[in-house]
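Please open the model in a viewer and keep the selection tool at hand. The stops below are arranged so that each selection leads to the next.

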Amino acid sequence: MSIAIAIDGPAGAGKSTIAKAAAKALGFIYVDTGAMYRALGLFALRNIIEPDDKDSVKELLKRAEVSLARNEKGEQLVILNGEDVSSLIRTEQVSMAASKISAIPEVRAFLLSLQRDMAKTYDVIMDGRDIGTVVLPDAKVKIFLTASAEIRARRRYDELIAKGENVVYEDVLADVIKRDDNDMNRPIAPLKPAEDSILVDTSELTLQESIDLLINTIEVNSK
């Protein structure tokens, strides 16, 4: 029987990086559900459709095919209509589009069956905004991974600067706060800890310390 680990938390908490490393160490398959929403957000932007325009997005879904694959290094790839868009979905514009498009019920239903099928087939560590509350409510371990908005903004700012982008920290912080508000107050599957989730705060931890803490939390609670 497969084992599912659900990891939820706000944007910029390091869920993808930390969960990916933990999955590799534990021999699990890593599933980044946020990347699926980003792919649909990118698709909407490419078609000049406002990501919160419900009717237009519903029509767009008829032409959308999203899947996950892995390259020869075992890294997750996000495929949109046959195209690897992994490197195109990490911009701030796509991030905001993903936040808006994920609030549409039809979008969540579109991706839900794919996500659940993965958990039935493989031992997975799946991260997102509503994994423990909606997607995998029966997950063996549920973790809410978080950090303060200021720390998350600083990490994101440093990441963007390292990529050569011209950004201002205050703008990045404002985007983080806005994204949190969108995610926590949307009417469908808002971001919140599952009642039986374990809180893991990485505000004062290094990346390796965060990975080690997550691995230990999973190991202790999945026995």
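The model is a predicted one.

**Stop 1: helix α4**

Select residues 92–101, which form helix α4. Seven of its 10 residues are buried, so the helix is largely enclosed by the rest of the structure. The buried positions are Val94, Ser95, Met96, Ala97, Ala98, Ser99 and Ile101. To see what lies over them, display α2 (33–46), α3 (54–61), α5 (105–121) and α8, which are among the elements that cover these residues.

**Stop 2: Asn182**

Next, select Asn182, which belongs to helix α8 (residues 169–185). Which residues does Asn182 touch, leaving aside those up to four places away in sequence? They are Met96 and Ser99, both of them buried residues of α4. Asn182 itself has a relative accessible area of 24%; because buried requires a value under 20%, Asn182 is classed as partly exposed. A C-alpha to C-alpha distance drawn from Asn182 to Ser102 reads 9.9 Å, although the two residues are 80 apart in sequence.

**Stop 3: Glu92 and Arg156**

Return to α4 and display the side chain of Glu92 together with that of Arg156. The two meet in a salt bridge, at 2.5 Å from N to O. This pair links distant parts of the chain, with Glu92 in helix α4 and Arg156 in helix α7 (residues 149–162), 64 residues apart. Glu92 is partly exposed, at 22% relative accessible area, whereas Arg156 is buried, at 13%.

**Stop 4: Asp130 and Arg108**

Move to Asp130 and Arg108, whose side chains also form a salt bridge, 2.5 Å from N to O. Asp130 sits in the loop between β6 (124–128) and α6 (131–135), and Arg108 in helix α5, so the pair ties together parts that are 22 residues apart in sequence.

**Stop 5: Asp183 and Arg186**

Select Asp183 and Arg186, which form a salt bridge with their closest N and O atoms 3.6 Å apart. Asp183 is buried at 0% relative accessibility, and Arg186 is buried at 5%. A further selection shows a network: Glu92, Arg156, Glu159 and Lys163 are joined by salt bridges that share partners. Across the whole structure, 13 salt bridges are found.

**Stop 6: the aromatic pair**

How many aromatic pairs does the structure hold? There is one. Select Tyr157 and Tyr169 and view their rings: the centres are 6.2 Å apart and the planes stand at 90 degrees, so the pair is edge-to-face. Tyr157 lies in helix α7 and Tyr169 in helix α8, so the pair ties together parts that are 12 residues apart in sequence. Both tyrosines, Tyr157 and Tyr169, are buried.

**Stop 7: the largest pocket**

Finally, display the largest pocket, which has a volume of about 1100 Å³. Its lining comprises 49 residues, and those nearest the centre are Gly12, Ser16, Arg38, Arg90 and Glu159. Glu159 is also a member of the salt-bridge network at Stop 5.

Notes:
Residues are numbered from 1 along each chain as its sequence is written. This is a predicted model: local features need pLDDT of at least 70, side-chain atom pairs count only at pLDDT 80 or more; totals for chains, interfaces and linings use all residues. Side-chain values use heavy atoms; hydrogens and water are left out. Helices (H or I, at least four residues) and strands (E, at least two) are DSSP runs, numbered from the N terminus. Buried means under 20% relative accessible area, exposed over 50%, partly exposed in between (1.4 Å probe, protein chains only). Contact means heavy atoms within 4.5 Å. On a 1 Å grid over the protein atoms alone, a cavity is a set of points where a 1.4 Å probe fits but cannot get out, and a pocket is an open set with protein on both sides within 12 Å along at least five of seven lines; lining residues have an atom within 4 Å of a point. Grid points are joined across faces, edges and corners, and a volume is the space filled by probe spheres set on the points. A salt bridge is a side-chain nitrogen of Lys or Arg within 4 Å of a carboxyl oxygen of Asp or Glu. Rings of Phe, Tyr and Trp (its six-membered ring) pair if their centres lie within 6.5 Å; planes under 30 degrees apart count as stacked, over 60 as edge-to-face and the rest as tilted.
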